[in-house]
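Please keep the sequence and the structure in view while reading.

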Amino acid sequence: MIANRGEIAVRVIRTCRKMGIRTVAVYSEADRTSMHVRMADQAFLLGPGPSSESYLLADKLIDICKREEVDAIHPGYGFLSENPAFARKLQESGIILIGPSADAMEVMGSKLASKKAVADFDVPLVPGTEHAVEDPEEAKKIAREIGMPVLIKASAGGGGKGMRIVEKEEDLNRQMKMAISEAISSFGDGSVFIEKYIGGPKHIEIQVLGDEHGNYIYAFERECSVQRRHQKLVEEAPSAVVDEELRNKIGNAAINVARSCNYTGAGTVEFLLDENRNFYFLEMNTRLQVEHPISEMITGLDLVEWQIRVARGEKLSFTQDDLQINGHAIELRLCAEDPTNDFLPDIGTLERYRPPSADHIRIDGFVEEGSTIPIFYDNMFAKLCVWGKDRTEAIERMKDAIRRFEIEGIATTLDFGYFVMEHPSFIDGSFDTHFVQNHFSPEKLQENSMDDDRAAALLSAWFLKNHDPIVTPSSKRGSDWYEKR
Ligand code: ADP
């Protein structure tokens with residue numbers, strides 16, 4: 001069973017088909033006609049659109065599994081994928097969770113518990129507290145030790161939420177109070193702690209894979225510094241600034257994090273890299289990550305296949321030395337939102353949706369022309385990934401793919417992706433997590449589209465003058481990445 005929806009449900013079903021595994025989809029009323037429902041061998045309605053009445057109904061999912069004799073659940077990302085209570089319930093019901101143990105999820109789900117867990121494993125941490133702080137006087141003392149500015153973080157926070165930057169010591173008390181009450185209302189846990197605020201860091205994360213026999217590998221890094229609201233928009237693998245030596249160091253630190261909680265399956269260990277090339281452990285995500293395709297494209301691994309094989313108790317059939325980076329891959333998240341309006345969601349109907357197709361393009365999506373993006377869920381509707389033999393080729397291929405991608409009816413992050421690919425600080429690799437804040441403004445996209453309009457007008461005039469036959473693009477759609485690899 002794929003206890004999820006959207007592109008990730010489609011992605012998992014593809015690998016199951018390849019492996020000859022029968023699939024069960026679940027869906028909400030808002031997803032009745034969705035692609036994952038049509039692709040699975042069986043599909044069951046969970047309830048109305050809101051996820052609390054559908055995709056989060058753990059007991060209902062388990063009942064369907066029992067009735068339909070489901071062997072294992074792939075939870076995708078989001079929803080119940082990092083919920084230890086759900087993992088325990090599955091264990092009690094004799095259903096395999098394609099993911100780590102409930103204990104590993106629990107430890108890594110708490111930022112404070114994870115810092116504690118890795119303490120003896122030689123993993124560098126951001127300077128700060130490793131315990132919850134409530135007392136304003138203690139907070140002040142810590143802030144003095146590590147130096148302003150500091151970041152107050154909710155231990156149970158996630159998805160970029162539950163963080164507050166404090167620039168001045170006199171603001172610390174007020175911000176602490178607000179952070180605690182926010183953490184209680186958002187995450188049901190008021191523990192907050194203090195970390196040094198790293199100015200201009202890069203977000204570098206490592207894909208790890210472990211089996212139940214104590215073997216671990218890292219499938220190299222992904223650079224995910226192009227973010228808005230602390231959430232990623234563009235990712236690439238490998239990073240433009242990580243050399244062999246640093247890769248080795250961060251990779252081994254990531255494996256140590258995995259070891260610290262006896263991790264099994266695919267996981268991601270996130271780090272911040274500062275200007276002096278110091279790296280610090282941020283957190284571990286105990287599930288398949290949105291941006292996993294770019295790691296697959298440079299290593300040739302099918303991470304979903306390995307998640308399933310590990311869950312079956314198989315040993316990893318390769319070692320670290322067998323893995324190599326082949327070329328460069330970039331992912332652009334296509335979200336239904338308006339970059340010229342503070343990246344606010346823009347839901348609606350895809351009046352036109354024509355993805356480009358080529359051997360080096362992989363599109364993980366679930367929408368078609370005429371699809372409506374439901375309001376209930378995350379607004380990401382596809383991931384555009386390209387591969388090139390090196391970074392320069394990957395950037396050029398991404399630009400070409402964006403130019404050929406036709407989307408109408410909703411605002412998307414497509415043109416923003418083009419802006420990123422053309423930006424000098426992206427091209428030279430020096431960009432950090434403040435890329436959007438430092439370099440992007442709505443006018444930048446409007447300027448580009450003015451250029452496009454001008455180019456279109458000139459081209460039409462030229463066509464009219466020369467009476468050239470109109471060339472129709474190929475009707476072939478979608479990516480053949482899977483078939484070709
Ligand atoms: P979440 O669990 O909400 O994703 P993370 O701890 O992974 O939170 O951090 C998300 C993002 O927030 C990072 O990619 C980075 O941009 C920023 N961030 C987190 N901690 C720090 C820090 N100590 N200094 C500077 N930026 C940080």
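## A helix lying across strands

The model shown here is predicted. Helix 8, formed by residues 172–187, lies across strand 5, strand 6 and strand 7. The direction of helix 8 is at about 10° to that of strand 5.

An open sheet is formed by 3 strands, arranged in the order 6-5-7 with antiparallel pairing. Strand 6 (161–166) and strand 7 (192–196) each have a single partner strand and stand at the edges, so one side of each is left without a neighbour in the sheet. On average, neighbouring strands of this sheet are turned by 25° against each other, direction ignored.

Strand 5 covers residues 150–158 and runs antiparallel to strand 6, to which it is joined by 5 bridges. Within strand 6, Arg164 stands opposite Ile152.

## Two crossing helices

Helix 1 (residues 6–18) and helix 11 (residues 303–311) have axes that come within 9 Å and cross at roughly 65°. Angles of 65 to 115 degrees count as roughly perpendicular, and helix 1 is therefore roughly perpendicular to helix 11. The crossing of these two helices, helix 1 and helix 11, is right-handed.

Which residues of helix 1 meet helix 11? They are Arg11, Val12, Thr15, Cys16 and Lys18, and in helix 11 they meet Leu303, Val304, Glu305 and Ile308. Sorted by class, the contact of helix 1 with helix 11 comprises 5 nonpolar, 1 polar and 3 charged residues.

Definitions and conventions
Residues numbered from 1 in each chain as written. Predicted model: local features only at pLDDT ≥ 70, side-chain atom pairs only at ≥ 80, totals over all residues. Heavy atoms only, no water. Pairing = 2+ DSSP bridges. Helix = DSSP H or I, 4+ residues; strand = E, 2+ residues; numbered from the N terminus. Axes fitted to C-alpha atoms, helices over the stretch in contact; angles between N-to-C directions. Contact = heavy atoms within 4.5 Å. Parallel < 35°, antiparallel > 145°, perpendicular 65-115°, else oblique. Left-handed = near helix turned anticlockwise from the far one by under 90°. Nonpolar A, V, L, I, M, F, W, Y, C, P; charged D, E, K, R; others polar.
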